[in-house]
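Please look over the sequence and the model first.

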Amino acid sequence: VRSAVPHTPLRMSSGLGGLNKSPHGVVVGLCQLQLPVIETKDQLDAQVDRVCALVGKARRGSTSMDLVVFPEYMLHGLSMDVCDEIMCERDGPIVARLRAACVQHKIWGCFSIMERNPAAPESPFNSGLIFDADGNEVLYYRKLHPWVPVEPWAPGDLGVPVVDGPNGCKLALIICHDGMFPEMARECAYKGAEIMLRTAGYTAPIRDSWVFTNQANAFQNLMCTASVCMSGSDGTFDSMGEGMFCNFDGGIITRGGGRPDEIITCELRPDLVREARLGWGVENNIYQLGHRAYVAVQGGARDCPYTFMHDLVAGKYRLPWEGQVKHTDGRSCGFPAPVREYAPSAAASNGHGDAKK
């Protein structure tokens with residue numbers, strides 16, 4: 001575990017990567033996991049062992065760490081293989097081993113699985129799970145925005161859960177391409193998140209976009225972001241690592257590089273997020289969105305002047321150039337055109353990713 005050098009001087013320091021933890025701090029470790037090749041059940045089992053071993057490394061390397069975060073694709077690599085043999089279940093034996101690692105090492109853990117979808121086996125869910133140090137599932141999320149046309153995963157149908165995290169923080173998780181949509185971070189913050197995790201398998205061409213969206217997601221919502229990708233090469237793809245912590249003012253607190261299996265650590269301060277949300281006037285954007293021009297009109301304007309929001313809710317979202325868009329299914333990446341329409345699964349009946357104890 002390396003406590004990376006702060007990228008720029010900011011109001012919030014990294015606490016030397018959590019070595020000097022404050023009473024209100026939350027120390028997070030971002031594991032830049034080596035990108036694996038997973039084609040068989042045996043390889044999947046071996047990769048679970050690697051991840052569990054790295055949970056132990058995180059604890060040994062930082063006794064103050066509250067939460068260790070692993071990237072999207074941590075068990076499956078970037079092949080986009082939907083073979084049932086290497087799919088997982090939320091209540092299955094693979095997830096039980098991840099849960100047990102958190103209990104053994106007395107640490108919270110954030111993990112990624114490709115989850116079987118009984119309603120459409122050819123389109124599994126890309127799911128994230130967070131367990132506390134007692135092994136309780138506290139967050140369950142299905143990726144809302146797969147990276148089309150490259151990814152075959154089903155659209156998430158559980159909304160964006162926000163939960164009570166370590167040391168009293170409010171915690172959310174989004175996955176990879178989700179973070180390119182400002183609406184995702186805004187949803188997390190609107191529901192109270194003070195720390196938003198973003199796990200990814202992104203490769204090097206996305207590096208610049210990764211950086212400025214992590215910063216923008218933080219600044220626009222007065223929210224800390226903690227984001228990490230897979231790292232290294234699988235012989236075909238090169239993931240970039242790039243573990244990154246951003247302060248609520250958008251500045252980078254701590255940033256890793258591309259070294260596989262390195263764990264980048266940082267202390268985040270949700271108490272300072274709360275202070276900013278209550279005390280900031282200028283650039284308190286998440287409040288001001290719903291209270292436009294409150295200097296001129298009492299309480300600000302509270303209407304919704306955005307056409308795209310109205311159209312999306314009404315099921316009428318359509319761009320002016322909609323009919324000219326060239327890629328509208330996965331055929332360019334070798335997937336057949338889908339024939340089924342979107343319908344939420346039975347698990348989505350309440351609209352939320354309720355955790356199981």
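The points below go from the whole chain to single residues.

The model is predicted. The chain contains 8 helices and 14 strands. Of its 357 residues, 51% are buried.

**Overall dimensions**

- The C-alpha trace spans about 65 × 55 × 40 Å along its principal axes.

**Strand β7 and its partners**

- Strand β7 covers residues 170-175, and because 5 of its 6 residues are buried, the strand is largely enclosed by the rest of the structure.
- Strand β7 pairs with strand β6 (residues 162-164) in the antiparallel sense, over 3 bridges.
- Within this pairing, Lys170 in β7 is the bridge partner of Asp164.
- The two strands β6 and β7 make a hairpin, with 5 residues between them. Asn167, in the turn, has a positive phi of about 55°.
- Strand β7 also pairs with strand β8 (residues 195-200), here in the parallel sense and over 5 bridges.
- Ile174 stands opposite Arg198, which belongs to β8.
- Between β7 and β8 the chain passes through helix α4 (residues 182-190), and this β-α-β crossover is right-handed.
- In a regular strand, side chains alternate between the two faces of the sheet.

**Salt bridges**

- How many salt bridges does a search of the whole structure find? The search finds 20.
- One of them joins Arg97 and Asp45, whose closest N and O atoms are 3.4 Å apart. Arg97 is in helix α3 (residues 93-105) and Asp45 is in helix α2 (residues 41-61), so the pair ties together parts that are 52 residues apart in sequence.
- Arg97 is partly exposed, with a relative accessible area of 27%.
- Arg97 and Asp45 also belong to a network of salt bridges that includes Lys41 and Asp49.
- Arg50 forms a salt bridge with Asp261, with 2.6 Å between the closest N and O atoms. This pair links distant parts of the chain, 211 residues apart: Arg50 is in helix α2, and Asp261 is in the loop between β13 (252-255) and β14 (262-268).
- The two partners fall into separate accessibility classes: Arg50 is partly exposed at 30% relative accessible area, whereas Asp261 is buried at 17%.
- Lys143 and Glu151 meet through their side chains in a salt bridge, at 2.8 Å from N to O.
- Are Lys143 and Glu151 buried or exposed? Lys143 is buried, with a relative accessible area of 0%, and Glu151 is buried as well, at 5%.

**The loop between β5 and β6**

- Pro146 is found in the loop between β5 (137-142) and β6. Pro146 is buried, since its relative accessible area is 10%.
- From Pro146 to Gly156 the C-alpha distance is 8.4 Å, and the two residues are 10 residues apart in sequence.
- Pro149 is also placed in the loop between β5 and β6. A cis peptide bond joins Val148 to Pro149, with omega at about 5°.

**Backbone angles to note**

- Most residues other than glycine have a negative phi, and most peptide bonds are trans.
- Met80, which is not a glycine, has a positive phi near 65°. Met80 lies in the loop between β2 (67-69) and α3, and counts as buried because its relative accessible area is 14%, under the 20% cut-off.
- Asp261, the salt-bridge partner of Arg50, has a positive phi of about 70° although it is not a glycine.

**A nonpolar surface patch**

- Which residues form a nonpolar patch on the surface? Leu289, Tyr306, Phe308, Met309, Leu312 and Tyr317 do, with about 520 Å² of accessible area together.
- Leu312, one of the patch residues, is located in helix α8 (residues 307-313). Leu312 counts as exposed because its relative accessibility is 54%, over the 50% cut-off.

Methods. Residues numbered from 1 in each chain as written. Predicted model: local features only at pLDDT ≥ 70, side-chain atom pairs only at ≥ 80, totals over all residues. Heavy atoms only, no water. Patch = residues over 30% accessible without salt bridge, like charges linked within 9 Å, V, L, I, M, F, W, Y side chains within 5 Å. Areas by Shrake-Rupley, 256 points an atom, 1.4 Å probe, with all protein chains shown as cover. Salt bridge = Lys/Arg side-chain N within 4 Å of Asp/Glu carboxyl O. Helix = DSSP H or I, 4+ residues; strand = E, 2+ residues; numbered from the N terminus. Buried < 20%, exposed > 50% of the residue type's maximum accessible area, 1.4 Å probe, protein only. Pairing = 2+ DSSP bridges. Right-handed = clockwise from strand over helix to strand, strands pointing away.
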